[in-house]
Amino acid sequence: MLEALKKDVCEANRALETSGLVKLTWGNVSGVDRLQGLWCIKPSGVAYADLKPEDMVVLDMEGRVTDHGSKLRPSSDTKTHLHLYREFIHIGGITHTHSPYATMFAQASRELPCFGTTHADHFYGAVPVARALTAEEVEDDYEHHTGVAIVERFWELGLDPLEMPAVLQAHHAPFTWGKNAADSLKNSIALEMCAQMALGSMTLHPGLGKIPQHILEKHHQRKHGPGAYYGQRKN
């Protein structure tokens, strides 16, 4: 199972570049095996095209690098991923990018409004912004406190991470998550497209209001609700 996890996480990281979400090495994907209490993440600064499954760095839930994977240095965002896994116990994969449109909203410390059904299909309402870190938090443990600020914002707003699988970190960039590494990547792609559409919509109609609640409910529930009917059923 661990070898399959490393393969899946490697493929998701390689897809960051081909999906157009990242330039240089501005992003990372991780995945977790809850049963084994282990997870893996991209090694820091390694080009996506060069990545192999055996390069994935495997850690335990205390953030310690184990002997199950690469001895390369893990992503600099490792502590953020770890805190999200420990607090959002139902997620299985995390993607972090600096994709241009979503990052514009993050840098502006502005939530991503839900204007239409494309957004509603993936995210239940506005994608929230987590507060900027204090100077003390940055000095103490920047990446850990990034995770703390994200979790804090979700609890403040009473948000379910499964219904809102994305956040914009103020002055930084987006994080998304999902049931596994590939699902978290899909949510990053959706987030970037929604951010691009939102910015264009706001340009065309500066006073545009959010999507009516009944349309939001319909589109989100038909894909994610108990009576969902989007896509094909598994036998």
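This is a predicted model: local features need pLDDT of at least 70, side-chain atom pairs count only at pLDDT 80 or more; totals for chains, interfaces and linings use all residues.

1. Strand 6 and strand 7. Strand 7 (residues 174–178) runs antiparallel to strand 6, and three bridges join the two. Within this pairing, L168 stands opposite P174 of strand 7. The hairpin formed by strand 6 and strand 7 has four residues between the strands, and H171 takes a positive phi near 65 degrees there.

2. Side chains of strand 6. Strand 6 covers residues 166–169, with A166 and L168 pointing one way and V167 and Q169 the other way. All of these residues are buried.

3. Strand 6 and strand 5. Strand 6 also pairs with strand 5 (residues 129–130), here in the parallel sense and over two bridges. A130 is the residue that stands opposite Q169 in strand 6. Between strand 5 and strand 6 the chain passes through helix 5 (residues 135–157), and this β-α-β crossover is right-handed.

4. Strand 7 and strand 4. Strand 7 pairs with strand 4 (residues 93–97) in the antiparallel sense, over four bridges. In this pairing G93 stands opposite G178 of strand 7.

5. How many strands does the open sheet have, and in what order? There are seven, in the order 3-2-1-4-7-6-5, and the pairing is mixed. Strand 3 (57–60) and strand 5 are the edge strands, each pairing on one side only.

6. Cysteines. How many disulfides does the count give? The count comes to zero, with a disulfide taken as a pair of cysteine sulfur atoms within 2.5 Å. C10 is in no disulfide, and the nearest cysteine sulfur to it, that of C40, is 9.2 Å away. For C40, likewise, the closest cysteine sulfur is that of C10, and at 9.2 Å this is too far for a bond. C10 is buried, because its relative accessible area of 2% is under the 20% limit. C40 also counts as buried, with a relative accessibility of 0%.

7. A nonpolar surface patch. I189, M193 and M197 form a nonpolar patch on the surface, and together they have about 240 Å² of accessible area. One of these residues, M197, lies in helix 6 (residues 181–204). Is M197 buried, exposed or partly exposed? M197 is partly exposed, because its relative accessible area of 39% falls between the limits of 20% and 50%.

Terms used: Residues are numbered from 1 along each chain as its sequence is written. Side-chain values use heavy atoms; hydrogens and water are left out. Patches are made of residues with over 30% relative accessible area and no salt bridge: like charges are joined within 9 Å, nonpolar side chains (Val, Leu, Ile, Met, Phe, Trp, Tyr) within 5 Å. Accessible areas come from the Shrake-Rupley method with a 1.4 Å probe; for residues, only the protein chains shown count as cover. A salt bridge is a side-chain nitrogen of Lys or Arg within 4 Å of a carboxyl oxygen of Asp or Glu. Buried means under 20% relative accessible area, exposed over 50%, partly exposed in between (1.4 Å probe, protein chains only). Two strands pair if DSSP finds at least two bridges between them. A crossover is right-handed if, with the strands pointing away from the viewer, the path from the first strand over the helix to the second runs clockwise.
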